[in-house]
Structure formats: structure tokens, C-alpha cells
Amino acid sequence: MKKTQRILQIQLFVAALLSIVIIILYETQLILPGTLFSNDESAKLTIVQFIMQFVTLAACPIALYLFKIAPIRRNLTSPKALAIWGTLRIQMLCVPMVTNIWLYYSTGFSTGHFYMFLILGICLFLVYPSETRCKKELQ
């Protein structure tokens, strides 16, 4: 059980650390913000924003409700199954979170991406793999 918990915690902390590294790189201007789209590519920016909004708004409730879905609930019988499904749940939140913070800076401070980053970051607190939560999800 401890091993499964550590695996899930490491995944969560790596995503958080990667987000912090992206923030530091852009805030110290080691990478210049706003270099992904030029001014005449606003249609592409709109499409990217729409896709990320859809992914974020779909990932949050699915990740939070994932272990209540009956087939998945029946499959959670061992720490290995918890590691697999827990990894899926954490990555459903972490991948869009890191993508959103990168898009926030690389599109020139598009605030929608920052708000989506914050929403996904808050959702991570709700699925943090503590020992108590891991034991509860296996019962």
C-alpha cells in the first residue's frame, strides 16, 4: 500500500514541480512569453483555448468521480489496480494543468489558461493520495 501511495504522490509532485519550473523560466524571462502565436494567428489561439477549456471542464468531474463508476469500483481490489487507476486519475488532472500553465505564458498571458490551471490545481487537492484515502478507495 505504501508503495502505491508513494508512486501516486511522486506523480503529483512531479507535475507540480514541472509547473513551478515553467513559471520560473517564464517569470525570469529565460524563455520569452508570447512566442507561440503571432498577432495574425488569433484564430488558432481561439481554437486552442476552446480545446483546453473542453479538456479541463471534462477532466475535472471525470477525475473526481472516476472511482465511483461501477466497473472501475469493482476493479479496485488490489494496490496494483489502485496504482493504475490512480495514475490515470492524477494524469487526467496533471497533464492539462501543465499544458495550461505553459499555454498561459507561451500565448502571451491569456488569462483563460491561467484560470484553468488554477481549477485543475485545486482539483489535485481533492484527489491527493494520502494513506487514509488509498485505504478507503480499496475497500
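Hi everyone, and thanks for coming. Before we start, please keep in mind that this is a predicted model.

Let's begin with helix packing. Two packed helices are described by the angle between their axes and the distance between the axes. Keep those two quantities in mind, and find helix α2, residues 42-65, together with helix α5, residues 111-126. At what angle do α2 and α5 pack? The angle is about 15°, and their axes are 10 Å apart. An angle under 35 degrees counts as roughly parallel, so α2 is roughly parallel to α5. The crossing of α2 past α5 is left-handed.

Now look at who meets whom. From α2 come Val48, Gln49, Met52, Gln53, Thr56, Cys60 and Leu64, and on the α5 side they meet His113, Met116, Ile119, Leu120, Cys123 and Leu126. Sorted by class, this contact between α2 and α5 has nine nonpolar residues, four polar ones and no charged ones.

Next, turn to helix α4, residues 79-106. Its axis and that of α2 come within 9 Å, and the two cross at roughly 150°. Is that parallel or antiparallel? Angles over 145 degrees count as roughly antiparallel, so α2 is roughly antiparallel to α4. Here, too, α2 passes in a left-handed crossing.

In this contact, α2 brings Val48, Met52, Val55, Thr56, Ala59, Cys60, Ile62 and Ala63. They meet Arg89, Met92, Leu93, Pro96, Thr99, Asn100 and Leu103 of α4. By class, the α2 and α4 contact divides into 11 nonpolar residues, three polar ones and one charged one. If you want to trace a few residues by eye, Val48, Met52, Thr56 and Cys60 are listed in the contact with α5 and also in the contact with α4.

Now for the inside. The largest nonpolar core has 21 residues. Which members touch the most others? They are Ile22, Leu93, Met97, Ile101, Tyr105 and Leu124. Helices α1, α2, α4 and α5 each supply at least two residues of this core, and α4 gives the most, with nine.

Let's zoom in on one of those, Met97. If we leave aside neighbours within four places in sequence, Met97 is in contact with Ala15, Ala16, Ser19, Phe117, Leu120, Gly121 and Leu124.

Is Ser106 buried or exposed? Ser106 has a relative accessible area of 2%, so it is buried. Again leaving aside neighbours within four places in sequence, Ser106 is in contact with Tyr26, Gly34, Thr35, Leu36 and Phe37.

Let me finish with two loop residues. Gln29 sits in the loop between α1 and α2. Its phi is positive, about 60°, although Gln29 is not a glycine. With a relative accessibility of 55%, Gln29 counts as exposed.

The other one is Phe109, in the loop between α4 and α5. Phe109 has a positive phi as well, near 65°, and it is a residue other than glycine. At 39% relative accessibility, Phe109 counts as partly exposed.

That's my tour, and I'm happy to go back to any part of it with you.

Methods:
Residues are numbered from 1 along each chain as its sequence is written. This is a predicted model: local features need pLDDT of at least 70, side-chain atom pairs count only at pLDDT 80 or more; totals for chains, interfaces and linings use all residues. Side-chain values use heavy atoms; hydrogens and water are left out. Axes are lines fitted to C-alpha atoms, for helices over the stretch in contact, and angles run from 0 to 180 degrees between N-to-C directions. Helices (H or I, at least four residues) and strands (E, at least two) are DSSP runs, numbered from the N terminus. Angles under 35 degrees count as roughly parallel, over 145 as roughly antiparallel, 65 to 115 as roughly perpendicular and the rest as oblique. A crossing is left-handed if the near helix is turned anticlockwise from the far one by less than a right angle, and right-handed if clockwise. Contact means heavy atoms within 4.5 Å. Ala, Val, Leu, Ile, Met, Phe, Trp, Tyr, Cys and Pro count as nonpolar, Asp, Glu, Lys and Arg as charged, and the others, Gly among them, as polar. A nonpolar core is a set of buried Ala, Val, Leu, Ile, Met, Phe, Trp, Tyr and Cys residues joined through side-chain atoms within 4.5 Å. Buried means under 20% relative accessible area, exposed over 50%, partly exposed in between (1.4 Å probe, protein chains only).
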